[in-house]
Amino acid sequence: MNSQVSIEVDLDSLIYETHIIGNIAFVIDAYAYFPGQGWSDFVAVVLNWWIANARALLFAPLHETYSFQFMDGPIRIATKKVTATEVELTFVEDGHAKTPMGTVSLEELKDALIKATRQFINAVDRLGWNNEEVETLRHAVKALDAT
């Protein structure tokens, strides 16, 4: 049975310095946060990376692996394409597999990224923030949605 996946960006945590920083995490089955509920990172940068990897996974051959990396810390989520429509997720820290997160639908992962990215972009628009990373993200999410 597949796990459910979502991407959570805590919009109330966003701050804008040189980059937009805020809490971001993968959420499995609505309760397991990776790397953690209060993990703070460069949101636009990370979402851009994740969208690029999700697009690559859609067209990747079976058993291909991509990393959904975080900018802060030596952690990532390894995604391995196990069927044409499913990926296996594993939380990796310091180069060692730590926590198997289960198998999720590739379409659900794509939808989670689109939803989180649109919510983030709407929030930064309301705040009047804009930079090159956000502009790149606007184009990336449109490309993912069209895939």
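This is a predicted model: local features need pLDDT of at least 70, side-chain atom pairs count only at pLDDT 80 or more; totals for chains, interfaces and linings use all residues.
Leaving aside neighbours within four places in sequence, Trp 50 is in contact with Ile 7, Ile 24, Phe 26, Phe 68, Gln 69, Phe 70 and Leu 113.

Trp 50 is also among the buried residues of helix H1, a group that includes Val 43, Val 46, Leu 47, Ile 51, Ala 54 and Leu 57, together with Asn 48 and Asn 53. Helix H1 itself runs over residues 43-59, and its 17 residues reach 25 Å from the first C-alpha to the last, close to the 24 Å expected at 1.5 Å a residue.

The next element to follow is an open sheet of four strands, arranged in the order S5-S6-S7-S8 with antiparallel pairing. Strand S5 (65-69) and strand S8 (96-105) stand at its edges, and because each has a single partner strand, one side of each is left without a neighbour in the sheet. From one strand to the next, the twist averages 25°. S5 pairs with strand S6 (residues 75-81) in the antiparallel sense over five bridges, and Gln 69 stands opposite Arg 76 in S6.

Both helices can now be placed against these strands. H1 packs on the sheet, where it touches S5, S6 and strand S7 (86-93), and its direction makes about 165° with that of S5. H2, in turn, lies across S5, S6, S7 and S8, running at about 100° to S8.

Terms used:
Residues are numbered from 1 along each chain as its sequence is written. Side-chain values use heavy atoms; hydrogens and water are left out. Contact means heavy atoms within 4.5 Å. Helices (H or I, at least four residues) and strands (E, at least two) are DSSP runs, numbered from the N terminus. The expected span of a helix is 1.5 Å times one less than its number of residues. Buried means under 20% relative accessible area, exposed over 50%, partly exposed in between (1.4 Å probe, protein chains only). Two strands pair if DSSP finds at least two bridges between them. Axes are lines fitted to C-alpha atoms, for helices over the stretch in contact, and angles run from 0 to 180 degrees between N-to-C directions.
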